[in-house]
Amino acid sequence: MHILTVAVLCSLILSTHTAFPAVMNDPKDEKAVMATLETMAQATIKKDVATLDKIYHPDLTYSHSSAMLQNKADVLKAIVGPSVTESMTFHETGIRIYGNVALVRGRNELRNGTPGSLHDNHLNILWVLLKGPGPHGWQIVARQTTRLPEKK
C-alpha cells in the first residue's frame with residue numbers, strides 16, 4: 001500500500017510540473033514582448049526600416065521556411081526592396097520568459113510577395129527576444145520558421 005501511495009504522489013507531482021511552467025511570466029514582460037512583435041509586424045507592413053532597426057538585435061538570425069538565412073542587414077535591405085507584406089497576424093501564441101530571454105511560439109498568418117503576386121503563408125514561428133534597448137524593452141534576436149500545410 002505504501003508503494004502505491006508513493007507512486008500516486010509521484011504521478012501527481014510530475015503531472016502538475018508539466019502542466020505549469022517552471023517560472024510564472026511577469027505579465028508586464030509578456031505584454032512588452034507581444035508589443036514588440038506587433039510593432040515589428042506593423043513596421044514590416046509600412047516598410048518602416050527605422051523602427052525595425054530598433055526592434056531587431058544587431059546579432060539577428062532570421063531563418064525562413066525555405067531554409068534561407070538572413071542577418072539584420074539582409075532583413076533590413078529586403079524590407080526596402082520590391083516585395084511587400086500586406087498583413088501579419090499572430091495566433092495560438094505561447095510565451096516563456098527566462099530572465100532576459102523570451103521564447104514566443106505560435107502560428108503566424110502572413111500575406112506577402114510582390115505587387116500583383118501576393119501569397120498567403122501559414123507559418124509556425126519560434127521567436128527569440130532579448131530584453132534590451134528596443135522600443136518596448138525587448139529586441140528580436142532570432143526567428144525560426146516552419147511552413148504549415150495549406151488550409152483546406
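Colleague: How many residues lie between S5 and S6 in their hairpin, and which glycine in the turn has a positive phi?

Modeller: Please keep in mind that this is a predicted model. The hairpin of S5 and S6 has six residues between the strands, and Gly137 in the turn has a positive phi of about 85°.

Colleague: In which sense do S4 and S5 pair, and over how many bridges?

Modeller: Strands count as paired when at least two bridges are found between them. S4 and S5 pair in the antiparallel sense, over 14 bridges, and Arg107 has Asn124 in S5 as its bridge partner. Their hairpin has two residues between the strands, and there Gly116 takes a positive phi near 85°.

Colleague: Which residues have the most contacts inside the largest nonpolar core?

Modeller: That core has 27 residues, and those with the most contacts inside it are Val33, Met40, Tyr56, Trp127, Leu129 and Ile140. Several elements each supply at least two of its residues, among them H3, S1 and S6, while H2 gives the most, with six residues. If you select Leu129, you will find that its contacts beyond four places in sequence include Val33, Trp138 and Ile140.

Colleague: Why is Ser63 classed as buried?

Modeller: Buried means under 20% relative accessible area, and Ser63 is classed as buried because its value is 10%. Ser63 belongs to strand S1, and beyond four places in sequence Ser63 touches Met68, Leu69, Arg143, Gln144 and Thr145.

Terms used:
Residues numbered from 1 in each chain as written. Predicted model: local features only at pLDDT ≥ 70, side-chain atom pairs only at ≥ 80, totals over all residues. Heavy atoms only, no water. Helix = DSSP H or I, 4+ residues; strand = E, 2+ residues; numbered from the N terminus. Buried < 20%, exposed > 50% of the residue type's maximum accessible area, 1.4 Å probe, protein only. Contact = heavy atoms within 4.5 Å. Core = buried A, V, L, I, M, F, W, Y, C linked by side-chain atoms within 4.5 Å.
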